[in-house]
Amino acid sequence: MNIALLSHDRKKELMVQFCIAYSGILAKHQICATATTGRVVGEATGLPITLYLSHEHGGSQQIGARIAYNEIDMVLFFTDPQSHNLDADLDYITRLCDQYNVPFATNVASAEMLIMGLARGDLDWRDAVKPGPTPFYA
């Protein structure tokens with residue numbers, strides 16, 4: 001599965017702690033993240049993480065494009081309800097996840113439910129909705 005990680009500044013440490021706790025599960029999947037979140041998680045866990053731009057430079061839009069192309073299977077976006085400067089990014093990612101039926105968590109409680117479901121195989125249905133190679137018709 002392809003898992004995207006995003007977090008508001010005040011929630012980055014929580015994301016790091018979450019990823020440390022679940023690194024055994026996360027290590028079995030591909031992870032991408034916006035620049036700062038991915039860097040701090042990667043340094044703390046040793047997990048390989050594909051880094052996109054920071055949110056200031058369009059990282060949320062890069063991840064959003066992957067959601068729209070059905071290349072992301074789960075999004076963990078730890079949000080700070082007191083932050084107002086990233087509301088547009090949160091709204092953008094939320095709408096895309098809703099539109100494309102991508103499991104989405106905005107806090108540690110819902111993220112834990114998704115990660116445990118991932119470990120049990122509850123999200124294997126995502127394999128059926130992923131785009132495959134385009135058939136060639138002569």
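Reader: What should I know about the numbering and the source first?
Author: Residues are numbered from 1 along each chain as its sequence is written, and side-chain values use heavy atoms, with hydrogens and water left out. This is a predicted model, in which local features need pLDDT of at least 70, side-chain atom pairs count only at pLDDT 80 or more, and totals for chains, interfaces and linings use all residues.

Reader: How many salt bridges does a search of the whole structure find?
Author: The search finds seven, a salt bridge being a side-chain nitrogen of Lys or Arg within 4 Å of a carboxyl oxygen of Asp or Glu. One of them joins Arg 10 to Asp 80, at 3.3 Å from N to O.

Reader: Which parts does that pair tie together?
Author: Arg 10 is in the loop between strand S1 (2–7) and helix H1 (12–21), and Asp 80 is in the loop between strand S4 (74–78) and helix H5 (87–99), so the pair connects parts that are 70 residues apart in sequence. Helices (H or I, at least four residues) and strands (E, at least two) are DSSP runs, numbered from the N terminus.

Reader: Is Arg 10 buried or exposed?
Author: Arg 10 is exposed, at 63% relative accessible area, whereas Asp 80 is buried at 7%. Buried means under 20% relative accessible area, exposed over 50%, and partly exposed in between (1.4 Å probe, protein chains only).

Reader: And which residue forms a salt bridge with Glu 71?
Author: Arg 66 does, with the closest N and O atoms 3.4 Å apart. Glu 71 is partly exposed, its relative accessible area being 35%.

Reader: What about Asp 73?
Author: Asp 73 forms a salt bridge with Arg 126 (3.1 Å, N to O). Asp 73 lies in the loop between helix H4 (59–68) and S4, and Arg 126 in helix H7 (residues 126–129), 53 residues apart. Both residues of this pair, Asp 73 and Arg 126, are buried.

Reader: Turning to the rings, how many aromatic pairs are there?
Author: There are two. Rings of Phe, Tyr and Trp (its six-membered ring) pair if their centres lie within 6.5 Å; planes under 30 degrees apart count as stacked, over 60 as edge-to-face and the rest as tilted. The Phe 18 and Tyr 22 rings are 4.9 Å apart at their centres with planes at 45°, so this pair is tilted.

Reader: Which other ring pairs with Phe 18?
Author: Phe 78 does, in an edge-to-face pair with 5.6 Å between centres and 75° between planes. Phe 18 is in helix H1 and Phe 78 in strand S4, so the pair ties together parts 60 residues apart in sequence. Phe 18 is buried at 3% relative accessibility, and Phe 78 is buried at 1%.
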